[in-house]
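Please look over the model below.

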Amino acid sequence: MLRLPSFRLEQPDTLPQALALLDQAGPEAAVLAGGTDLLPNMKHELRRPSVVIALSRVKGLTGIAEAADGAIEIGAMTPLAEVAQSALVARALPALAQAAALVAGPQLRQRGTLGGNVLLDTRCQYVNQSHFWRSALGFCLKKDGTVCHVVAGGSRCVAAASADTVPALMTLGAVLEVARHDRTRQLPIDAFFVADGIVNRRLEPTELLTRVRVPRPAAGHRGAYGKLRERGSIDFPLLGVAARLDLSEAGVVEHADLVLTSLAAAPRRVAGAADALRGSAPGHAPAEFETAVRRVAELARRQCRPLPNLPGDHEWRGEMVPVYARRTLLAAAAGQGPVHHV
Amino acid sequence: MGARDRHGIDPPWGEFRHVGQGSTKIDGLAKATGAALYADDLSLPLMLHAKTLRSPHPHARLRAIDSGAALALPGVHAVITGRDLPVRYGILPWSQDETALAVDKVRFVGDPVAAVAAVDEDTANEALKRIRVDYELLHPFLDPRESLARGDPPIHEDRKEGNVSKKVELAFGDVDSAFAGAAVVIEGDYDFHGTTHAAIEPHCVLARYGPDGVLTLWSSTQITHYVHRALSRVLGLPPHRIRVIQPCLGGAFGGKSDPFSLEFCASLLAIRTARPVKMLYTREEVFYAHRGRHPMQMRYRTAAGPDGRLAAVDARILIDGGAYSSYGLVTTYYSGQLLTGPYHFPAYRFESTRVFTNKPPCGPKRGHGSVQPRFAFEVQLDRLAERLGLDPFELRRRNLLGADATTVNGQRVTSNGFARCLERVEEASGWRQRRGRLPRGRGLGMAGSMYISGTNYPIYPNPMPQSGIQLKLDRSGLVTVFSGGNDIGQGTNTIVRCLVAEELGLQLEQVRVVAADTDLCPVDLGAYSSRGTFMIGNAVLDACRKLRGTLVSAVAESWGVDPRRVRFVDGAVVDLEDPGRSLPTADAFQLAEARFDTLGATGSYNTPSLGGDYRGGTIGASPAYSFTAHVVEVTVDEETGRITCERAWIAHDCGRALNPVLVAGQMEGSAYMGLAEALVEEHEVNRFGLHRGPSLLDYRLPTSVDTPELHSLIVESLDPEGPYGAKEAGEGPLHPAIPALSNAVFDAVGIRLQHLPFTPGKVLKALRAAAAERRPAVAAVSGT
C-alpha cells in the first residue's frame, strides 16, 4: 500500500479555532474534510502539508436548510450522499442532486463532502500518479516539473476541473461563503475558478469554504446533470454537463444555462446557450425547442474541445459534448435526469 | 497412467452424499468474517519491512549503483542489488532470463533494481530515495512490430534471434490445397490489447530464516512447488532447508504463477539480517509484476465448403511478450495448439512469434494463450455463417468434433458435451425467436470454445506424479488431508474435503485440509492450466481407496459379517442387512488402527501419455477437455458508441459438477472477466514507456452496476478419467465471452469489431464507416 507521508494532525472543535490554525499554518496546511481527494493526493506526494486540519469535529458546517428568502444553504461539510438524498435539494435543485448522486461511488459519497467536491483538485493522467511514476515521466507543469505532456510546448497547466457538483452550482448561480480568521466573504461561484490547472480556485491559503448558498430558484426551474464516464460508478467525469431551464408559467424558457466540466482547468459556460433557448417552449412547441437545443449542442461542440488530459479517448469525449449537451437539456426540460449510461 | 489413476464415475457407496450438493466453501466463513489470514496479516516479532527500488527507464544499462547513503540511514538493516542475487530463474527451465534484481540492464519501467529492509515501511521508502543509480539509456522497444523488424539493441543480449522470444510454426494436413479448393475463404485481422489479472490481494511475502538454517517463506503464490525450486536455485540453499507456505490467497488468475522478485529479495534479506522480513507490493507494483494476457496481432484465414464445413485454418500471430520470457514459450504454442476443438477441421497451419518489448512481462492469465485466438476464430466463424446465410449455431453444428475424437493436431478428446452446451444457450436465450428480430441497436451473438483440464506436460520434465495427497486418520474420527494443491479462491480445498468425505463416508466437518505447505504436503504442481480438480481429485480418490478396504475389513471382522455389508455413510458405519447395527466413524477408525496400524495413506495422479508425435505435440495435450458456449445480448447506443452487455448465457461442460455452486461461480467470474476485457480493461503502456494508469481507479474493472445478468447452465458429460467424471471449470468458461460480444454487436448494428477493446470511440468510427459503405453514391457526390 502507498504510505501517507507524515504530518501533524489538528482537530479543532470550533470554526474560529480552525481558522486560527489555518491562519498560523498558511500554505503549509491542508484542510481535511472527507479526505477522498486529499489523502490519495498526499499518498501520490502531490501535496506534502506539514499540518492537516481535520474539520470533522467542527460544529455548524453541515446541514441543508432553506433560508427565509428561499435560498438553500448547504454546509461545506455536508456529505455528498446527504446532498444527493435530500428531498429539498432534489425538488428545488435537481441538477445538484443528480450531480451529487453521481460523484464517485456510494462509499465515497458517505465520506466526501460538498465543499470538498467544489474544491476538488484538477486531474490529469500525467498528474494523478505515484511519485515514482511521475519521476519516471520527468514530472510536469502541475507538480515538480516544467513541461506539459498534454499540450506539447504548453506553458499553462491544463489539468481538468473534475468536480461534478460545480457545473450544477454554476448554472444555479451559487455563492460560496468563504471565511478567514478576520473576515467572511461571499463569492459568486462563477468568479471562483480560473483556467490554471495548477490551482484553479481563487481561495487564499488561510481561507476556508464554509457554506454554499444557492439563491431561491425560479418557480418554473428545471435542471439536470449529465455525466460521461466509462463505468457506472466510481469514476471521475470524462465530461460533466449541467443544464438549467427556467420556465415561465406559460411554459416558455425565460432563462437557460449550460455549463460543462472535465474539459480543461476550469468549467466552461456555453456562450449563446441562454439566447438560443430563451423564448422556446418545450411543452408546447417541442420541435422548435429541440431545434434550439440542437443549436446549443452545436455551440457546445464548437466551444468545448476536451484535451488528452484525462485517461482514454479524448476525441470521443469531444464527440460526446453535443450529445450530452442535448440529452441533458432535454432531460431538464422533461423534468428528468440524470443523463448517465446506467 | 496406471490403473490407479482411473477411478470411474460412480459414487463409492451407492449414492453421492456430498458431490453435487454445493456445500459452502471450506474457508467461506473465515473470509466473510475477516478471520482468514492472508500473507499481509502475518507478523512475526522483530519483523523488518522491505521495499523495492524500480527502474524509471524502459530500457537502460546499469552503470553503477551507490547504496551507501541508504545503508547509512538509521533503521535500515540491509540493502541488496542484482550482484547479491545474480542467479537467473524463470518458470520454464528453457528460458530462464530473469533475475530478482537487475544485474546489468533494466528492461521496463518498474524492473526491480535494489531492495531495502528497514524497521518500517517509511524508513525503507526513504532509503530507496537515497540509492543512486547511474543508467545509460538505450532505445526502448514499445511496438512489437519494431522488435520483430530489428534486434538492435537486443533486449536480452544472449539471445541469438534478436528480440524474438519464441517462434512456433506447425502445419497439419494439406493447408494450401484446402484453400485452393475452398468454396469460401474468410480473412481477417484481429487485435487483442493487453489486460491484467487485477486480483484484489497484492503480492506479499514474509520470510524467516531460523537458527536451524531453515528458510520459511509465506508467499501469496499459486505455485508453492515451483517457488520452492526457484528459491533453492537462486539462493543456493539446498531445497530441504527451504519451506514454502501459501497462506489464504486473495485471488490470482495466473498472476501469481511465476516466481517473483519479492520472494527472493525478502528471503535473502531475512538471511542477511537474521530477522523476519515482509514485503508487500503496492498496487502499482502489481501492475509492474504483471504476467497478464499477451497482446496479440492476429491474421486468420478460414476456408470452408459451400455447406459451411471447415476445410482449413491458417493463422499468423505476433505476440507482444513484454520484457521477459515467463511462460512465453507455452503461450506461443497455446496460441495455436488450443484452437483445434470443439470443431473439426482437416487442415491447420499456424505461425506464432513472440517478441520482447520494454514493457511489463506478459504471462498466463485465465485461459492462457487461447483467449485471443478464440476471439479471432469465433468472429471468423460468425462471418462465415453470415457469408453462407447460415445460422451461427447451425454452422457450428455442421463442424462438431464430437466425443472420443482426435484433433487435427493429434490431441485426444474423450468426453465432449459441446453439442449440449449449444442447445442449452440457444434455448435459454430464446435465440431462435429473437436473433435477427430484435429492434436495431439490440442483438444476440454466440461463440463456443474448448479448454484443457491440466496438461500432461509438467513445467520441468520428470517422471513423478503431477499431484500427491496424504491422508491421516485420527482416533477422533477426523481425517486430515495434506494436499500440495494451491487453493487460490477457486475452491480446491473445498473439493478435496468433499471427495474425502464422499469416499470415506464422512460428514464434511470430519475432514480438515492442510494445503500448500512444502514441509507438510506432498507435491502438487500448482494452480494453473485448470488442473486442480482433475488431478488433485484423482489423487484424493487414489489415497482414499487405499484406506477403504482396511477400514471396511476391520469393521467386517469385528461384526463377523461379509465386508460387502459394511457401508460408510455420513459419519457412521452401517450394516446394510441389519439396520440396527452401526458405529460412529471414530469407532471404526479405532478398530482399524488396533487391527492394522496407524492409519494413513498416500495417493497420486499422473497423466497418461498424450499428445501428437512432433516437437511441441505434448503442449496443450490434456487428459480431458471442457467445452463452453455463450450467448451474449447487447444494446448499442449508436449515438455514443457505447455497448451495454445486458445478459449472457453460459453453458459449460465441466464433466460432473462436484460442487455446482463453485462451478457456477467460476462460470460467472469467467464471463465477467471476459466481458470486462472486451469492454473496459486495458493494460496499456504509453508513449513514454509508462503504464498508462497502474491503479484500480484507472485500470477499469466493471463494478456491480456494470455487470450483466449472468445465467450459468451446467452441462455434465461424465469424463471417463476425471474424478467421478469431473473436468475443469475455472478457465474454459471465459473464452467465448469476447467473440460472442463482438458477434452480438454485429447482430445489433451490423458492424464487425475485430480490434479490442471495443471502446465507444471505435464503435462510432465503425458505424460511420459502415454508413459510408451503405451510401457509396452519396459519398462520391459529396466528395466532389
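## Chain B overall

In this predicted model, residues 24 or more positions apart account for 81% of the contacts in chain B with a separation of 6 or more. Chain B holds 20 helices and 28 strands. Its radius of gyration is 27 Å, close to the 28 Å from the globule rule for 784 residues, so chain B is as compact as a globular protein of that length.

Along its principal axes, the C-alpha trace of chain B spans about 100 × 75 × 50 Å. Of the 784 residues in chain B, 60% are buried.

## The nonpolar core

How many residues does the largest nonpolar core have? The count is 353. A:Val296, B:Val116 and B:Cys265 have the most contacts inside this core. Helix H15 of chain B, residues 532-559, gives the most to the core, with 13 residues. As a general point, nonpolar side chains in soluble globular proteins tend to be buried together.

What does B:Cys265 touch, once neighbours within four places in sequence are left aside? Its contacts are B:Ala50, B:Thr52, B:Ile80, B:Ala100, B:Leu101, B:Ala115 and B:Met279.

Strand E5 of chain B covers residues 112-118. Seven of its seven residues are buried, so strand E5 is largely enclosed by the rest of the structure.

Strand E1 of chain B, residues 48-54, runs antiparallel to E5(B), and six bridges join them. Strand E3 of chain B, residues 76-81, also pairs with E5(B) in the antiparallel sense, over five bridges. Which residue of E5(B) is the bridge partner of B:Ala50? That partner is B:Ala117. B:Ala117 is the bridge partner of B:Ala78 as well.

## Where chain A meets chain B

The contact between the chains involves 24 residues of chain A and 29 residues of chain B. On the side of chain A that touches chain B, the elements giving two or more residues are helix H8 (131-137) and helix H12 (314-333) of chain A. The residues on that side of chain A divide into 12 nonpolar, six polar and six charged.

Note on methods. Residues are numbered from 1 along each chain as its sequence is written. Chains are lettered from A and ligands numbered from 1 in the order in which they are written. This is a predicted model: local features need pLDDT of at least 70, side-chain atom pairs count only at pLDDT 80 or more; totals for chains, interfaces and linings use all residues. A nonpolar core is a set of buried Ala, Val, Leu, Ile, Met, Phe, Trp, Tyr and Cys residues joined through C-beta atoms within 7 Å. A residue is buried if 20 or more other C-beta atoms lie within 10 Å of its own, exposed if 12 or fewer, and partly exposed in between; C-beta atoms are placed from the backbone. Helices (H or I, at least four residues) and strands (E, at least two) are DSSP runs, numbered from the N terminus. Two residues are in contact if their C-beta atoms, placed from the backbone, lie within 7 Å. Two strands pair if DSSP finds at least two bridges between them. The radius of gyration is taken over C-alpha atoms; the globule rule is 2.2 Å times the number of residues to the power 0.38. Ala, Val, Leu, Ile, Met, Phe, Trp, Tyr, Cys and Pro count as nonpolar, Asp, Glu, Lys and Arg as charged, and the others, Gly among them, as polar.
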